[in-house]
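Hello,

Here is the structure I promised to pass on to you. Have a look at it first, and then read my notes on the charged side chains below.

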Amino acid sequence: MQSMEASDKRVFARLPAQLAVKFIDLLTSREGQAQSMDISAKGLGIMATEELRPLTPLEMWLRVPDKGDPMYTRGEVVWSEMIGPNQYRT
C-alpha cells in the first residue's frame, strides 16, 4: 500500500504558506485576490473565490511579510476544484 506522499508525483516538497496573492488572468485580463495555502520550488497552491480553469496563464504578486514590494511570478493553472460555495482550491 502506497502512502499519499509516495503516490504524489511532485518532485519538490510543498510547504504551508499563507500569503495574500493578487493575480491577473492573462486570457481575460481579469484581476483577482486569493490566499496561498502552500508553496514549493515549482508550484503554488491557492484558495480563490472564483474558478480558475486549467491552462489559464496567470501573473501573480505574493505579499511576503516584512519584504517590502510583493514578489512577482508567473504560472499556469494545472488544476482547480470547487470545495465550497465560492471556494476554489487551485
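A salt bridge here is a side-chain nitrogen of Lys or Arg within 4 Å of a carboxyl oxygen of Asp or Glu. By that rule, a search of the whole structure turns up six salt bridges. Please keep in mind that this is a predicted model, where local features need pLDDT of at least 70, side-chain atom pairs count only at pLDDT 80 or more, and totals for chains, interfaces and linings use all residues. Residues are numbered from 1 along each chain as its sequence is written, and side-chain values use heavy atoms, with hydrogens and water left out.

One of the pairs joins Arg 30 to Asp 25, at 3.4 Å from N to O. For the surface terms, buried means under 20% relative accessible area, exposed over 50%, and partly exposed in between (1.4 Å probe, protein chains only). Asp 25 is buried at 5%, while Arg 30 is partly exposed at 30%.

Another pair is Glu 59 with Arg 74, at 3.8 Å from N to O. This pair links distant parts of the chain, 15 residues apart: Glu 59 sits in strand S5 (residues 57-63) and Arg 74 in strand S6 (residues 71-76). Strands are DSSP runs of E, at least two residues, numbered from the N terminus. Glu 59 is buried at 18% relative accessible area, whereas Arg 74 is exposed at 53%.

You will also find Lys 22 bridged to Glu 31, their closest N and O atoms being 3.9 Å apart. Lys 22 is partly exposed, at 35%. Finally, salt bridges link Arg 14, Asp 38 and Arg 89 in a network.

Best wishes

Conventions. Helices (H or I, at least four residues) and strands (E, at least two) are DSSP runs, numbered from the N terminus.
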